[in-house]
Amino acid sequence: MPALIFAGLVLAWGFTWFALTLQVGPVPPEVSILWRFLISAACLWGGLFLTGRLTPAPWSAHRWFAPLGAMLFSMNFLLFYTAAHFTPSGIISVVFSMATVFTAFNQWIFMKKKPTARTLIGGVLGVIGIALLFSEAFTEAEREGSGMMLVGIGLSLAGTLVFSLGNLVSLKATATGTDLPNAAARAMLWGSLFLALFALARGAPFVFDWSPAYVGSLAYLIGPGTLFGLMAYLWLVGRIGPDRAAYATVLFPVVALCVSTVLEGYHWTPWAMAGLPLVLLGNVVIFSGPKEAPARS
């Protein structure tokens, strides 16, 4: 089952990069993110209520729900959207693939859990492979002038760090006795609140775009991208550990690259063809090792 969930997650998140490009328009980024998670939260709350799985949570647990919402449902997306103003999305996806390494070292720092040799070797192979896949994007950006490129990469690194820290917070949020769907439902509301306050502080208009492209991409980001994607990711964090679950962030840029090939006319280079086998090899190295104990029961 974890292998099937992992594969579905990689596919679902691989298409989100193209969906995000369809969100660009009259709606401010923070407001688009707000609509995404506000509607996702409503769907999740409604689904839990209709299936009888909505359970109360102690108020003390919100000390973990709030930072979980800030890290996974608002702050990291704001950083990536801002980075997109300075850096091509392909480079951002390369930086985001570093979540594997970030998560491994965050576990070492905060949980005193040293990363395994297989995790480190597999992660390094995957990151190198992704860098090769997008080497042309780096070259083109350098030709055009990389003055603001460093700003975009810095914001992308910050977003990746926030995302990896959110992995660890998710373990604390579910350790309070609240199951994953109920914890995520509350965290999404916290994330929506942070986004609304940020939009108000910036004076951003709360508008909506009814064009088919915007509505369709928003529906995809809510369904496969959020309700399935993030729930599957957090489930994997609990079952196979944050370090292995984070490897999905190395693989889904490969899917995004294939989508670009079909829908955006991406041309494969020799460097890209050399990078893809490295990504797949890194996946084999990590998952061929002995299974670790689950992070939680």
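Helices H10 and H11 pack at an angle of about 125 degrees, and their axes lie 11 Å apart. The two are therefore oblique to each other. Their crossing is right-handed. From H10, the residues Leu 180, Pro 181, Ala 184 and Met 188 take part in the meeting; from H11 come Thr 226, Met 231, Leu 234 and Trp 235. These values, like those that follow, come from a predicted model.

Met 231 illustrates this contact. The residue lies in helix H11. Its relative accessibility is 14%, so Met 231 counts as buried. Leaving aside residues up to four places away in sequence, Met 231 touches Leu 44, Leu 180, Pro 181, Ala 184 and Thr 226. Pro 181 is 50 residues from Met 231 along the chain, yet their C-alpha atoms are separated by 7.2 Å.

The overall fold gives the setting for this pair. The protein contains 14 helices and 0 strands. Along the sequence, the pattern reads α-α-α-α-α-α-α-α-α-α-α-α-α-α. The protein has 297 residues, of which 52% count as buried. Contacts between residues at least 6 apart in sequence were also examined; 90% of them join residues at least 24 apart. The exposed surface comes to about 13500 Å², and carbon and sulfur atoms supply 74% of that area.

Helix H3 is another partner of H11. H3 covers residues 29–50 and H11 covers residues 212–240; they pack at an angle of about 55 degrees, with axes 10 Å apart. That angle makes H3 oblique to H11. H3 passes H11 in a right-handed crossing. On the H3 side, the contact is made by Ser 32, Trp 35, Arg 36, Phe 37, Ile 39, Ser 40, Cys 43 and Leu 44. On the H11 side, it is made by Tyr 214, Leu 218, Leu 221, Ile 222, Gly 225, Thr 226, Leu 227, Leu 230 and Met 231.

The length of H3 agrees with expectation. At 1.5 Å a residue, its 22 residues should span 32 Å, and the end C-alpha atoms are 32 Å apart. Buried residues of H3 include Glu 30, Val 31, Ser 32, Ile 33, Leu 34, Trp 35, Arg 36 and Phe 37. Ser 40, Ala 41, Leu 44 and Leu 48 are buried as well. An α-helix has 3.6 residues a turn, so residues three or four places apart point the same way. The buried residues of H3 pack against helix H2 (16–21), helix H4 (62–83), helix H10 (180–202) and H11. After H3 comes Gly 52, with a positive phi near 75 degrees.

Helix H1 also meets H11. H1 spans residues 2–14; the axes of H1 and H11 come within 9 Å and cross at roughly 145 degrees. H1 passes H11 in a left-handed crossing. H1 contributes Pro 2, Ile 5, Phe 6, Gly 8, Leu 9, Leu 11, Ala 12 and Trp 13 to the contact. Among the H11 residues involved are Tyr 220, Pro 224, Gly 225, Phe 228, Gly 229, Leu 230 and Ala 232. Tyr 233, Trp 235, Leu 236 and Ile 240 of H11 take part too.

Phe 228 gives a residue-level view of that contact. It lies in helix H11. Phe 228 is partly exposed, with a relative accessible area of 35%. Its contacts, not counting residues up to four places away in sequence, are Ile 5, Gly 8, Leu 9, Ala 12 and Gly 223. Phe 228 and Gly 8 stand 220 residues apart in sequence but 8.8 Å apart in space, C-alpha to C-alpha.

The buried set holds Ala 248, Thr 249, Val 250, Leu 251, Phe 252, Pro 253, Val 254, Val 255, Ala 256, Leu 257, Val 259 and Ser 260. Just after H13, Gly 265 takes a positive phi of about 70 degrees.

Lys 114 lies between helix H6 (99–111) and helix H7 (117–133). At 62% relative accessibility, Lys 114 counts as exposed. Lys 114 and Ala 104 are 10 residues apart in sequence, and their C-alpha atoms are 7.6 Å apart in space.

Terms used: Residues numbered from 1 in each chain as written. Predicted model: local features only at pLDDT ≥ 70, side-chain atom pairs only at ≥ 80, totals over all residues. Heavy atoms only, no water. Helix = DSSP H or I, 4+ residues; strand = E, 2+ residues; numbered from the N terminus. Buried < 20%, exposed > 50% of the residue type's maximum accessible area, 1.4 Å probe, protein only. Contact = heavy atoms within 4.5 Å. Areas by Shrake-Rupley, 256 points an atom, 1.4 Å probe, with all protein chains shown as cover. Axes fitted to C-alpha atoms, helices over the stretch in contact; angles between N-to-C directions. Parallel < 35°, antiparallel > 145°, perpendicular 65-115°, else oblique. Left-handed = near helix turned anticlockwise from the far one by under 90°. Expected span 1.5 Å × (residues − 1).
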